[in-house]
Structure formats: C-alpha cells, structure tokens
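Thanks for coming, everyone. I have one structure to walk through today.

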Amino acid sequence: MTDAGEIAYFGFTGPIEPGGVGRLAGALNSAVNEGVGTVHLAFSSSGGYVADGIYLHNHIRALPLHLVIYNTGSVSSIAVSVFLAAEERYCSKHAMFMIHPTTMAHSEGMSARRLQSTLDAALADDDRTDNILRERSRIPEAVLANRRHSEVHIAPPQAVDYGLVDAVREFSLPRGQQIIQI
C-alpha cells in the first residue's frame with residue numbers, strides 16, 4: 001500500500017452493519033500494520049446497527065493512526081458516532097448530518113415482557129450514543145433532548161458550531177495518489 005509515515009486514502013459508503021464495519025476496520029488495521037501514519041476517509045452512511053457503530057467508534061479511537069474523515073454526502077444515525085471517532089473532521093458544503101432516537105424492531109405479537117426488554121435496550125443505546133455525542137462534540141443539550149423523540153438534521157454551518165466538524169472542506173484526492181473504496 002504505502003511506506004511508513006505515508007498517507008492512505010479510502011472511501012466508504014454504506015450501512016453500519018457487520019460486513020461494512022468489518023471491511024472498514026480491516027482496511028484501517030491494514031493501514032496501521034503497513035506503517036501508514038494518516039488515513040483520509042471519504043465517508044457517507046445512513047447508519048445501521050448501534051452495536052456495530054459503537055464497536056467501530058471504539059476501534060478507530062484505539063488505533064495508532066491519525067484519521068481525517070470527510071462527510072462527502074450524508075452521515076446519519078449511528079454513523080455520526082463513527083464519524084466522531086476521528087480526530088480531524090470535515091464535511092462538504094452539500095453534506096448533511098442526522099441524529100434520531102434508536103428505533104425498535106416490529107413489535108406485533110411481542111409479549112409485554114419482551115416489548116419492555118426491547119424498549120430498555122433501545123433506551124440504553126440512546127444513552128450510549130448520547131454519551132459519544134457529548135464527549136466528542138458540542139451539540140447543545142436541547143438538540144440532544146430533541147433527538148430522543150424526532151430526527152434532527154444538522155447542516156454544515158451548524159456542524160461547525162456544534163463541533164461535529166472542524167470546518168466545511170471538500171474531500172480532494174491529490175493528483176497521483178490512489179484511493180481504495182472499502
């Protein structure tokens with residue numbers, strides 16, 4: 001891929017689910033194993049499974065790698081927590097972020113006990129996500145409270161104000177560099 005200390009460029013678009021998370025973690029692991037110091041990641045995801053997103057967030061934070069991430073489209077739901085794992089974050093002027101409450105599976109035919117267990121799990125996932133959003137951004141408490149009952153869309157200027165991104169900046173692959181789509 002590259003020599004030690006060099007930069008790697010990746011692209012990822014897709015759901016935060018076991019297959020995509022495995023590919024993304026694997027690509028970042030390979031970069032670390034090959035001595036890459038910095039990865040630029042063009043990233044867009046509508047979200048997916050909370051458990052997979054929390055895993056990927058924690059995995060990225062544990063790597064000895066400087067990750068520069070760019071929202072090149074939309075970063076929604078648990079993908080926002082993945083996005084926040086990077087130390088350096090940017091978004092396109094046409095990008096969008098969206099946060100919302102954890103959703104539950106279809107409840108038809110569930111017993112009251114099973115329904116309560118599903119609700120408890122969703123509320124715990126909301127708490128885990130809120131903790132990441134608080135630790136890694138400056139999203140106001142009123143916005144986080146609103147996220148608990150409806151979708152909240154965050155445009156690039158707000159993303160800067162809320163500390164989701166360092167600046168509005170387009171991803172651009174330098175001439176002569178290779179990009180790997182994950």
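**Fold order and overall build**

Along the sequence, the protein chain runs β-α-β-α-β-α-β-β-α-α-β-α-β-β. That comes to six helices and eight strands. Both are DSSP runs numbered from the N terminus, with helices (H or I) of at least four residues and strands (E) of at least two.

A word on ground rules. This is a predicted model, where local features need pLDDT of at least 70, side-chain atom pairs count only at pLDDT 80 or more, and totals for chains, interfaces and linings use all residues. Residues are numbered from 1 along each chain as its sequence is written, and side-chain values use heavy atoms, leaving out hydrogens and water.

Next, the dimensions. The C-alpha atoms fill a box of roughly 60 × 30 × 25 Å along the principal axes.

Now contacts, meaning heavy atoms within 4.5 Å. Take those with a separation of 6 or more: 74% join residues 24 or more positions apart.

How much of the chain is buried? Of its 182 residues, 46%. Buried means under 20% relative accessible area, exposed means over 50%, and partly exposed lies in between (1.4 Å probe, protein chains only).

Finally, one residue. Asn131 sits in helix H4, residues 112–136. Asn131 has 40% relative accessibility, so it counts as partly exposed. Ser81 is 50 residues away from Asn131 along the chain, yet their C-alpha atoms are separated by 9.7 Å.
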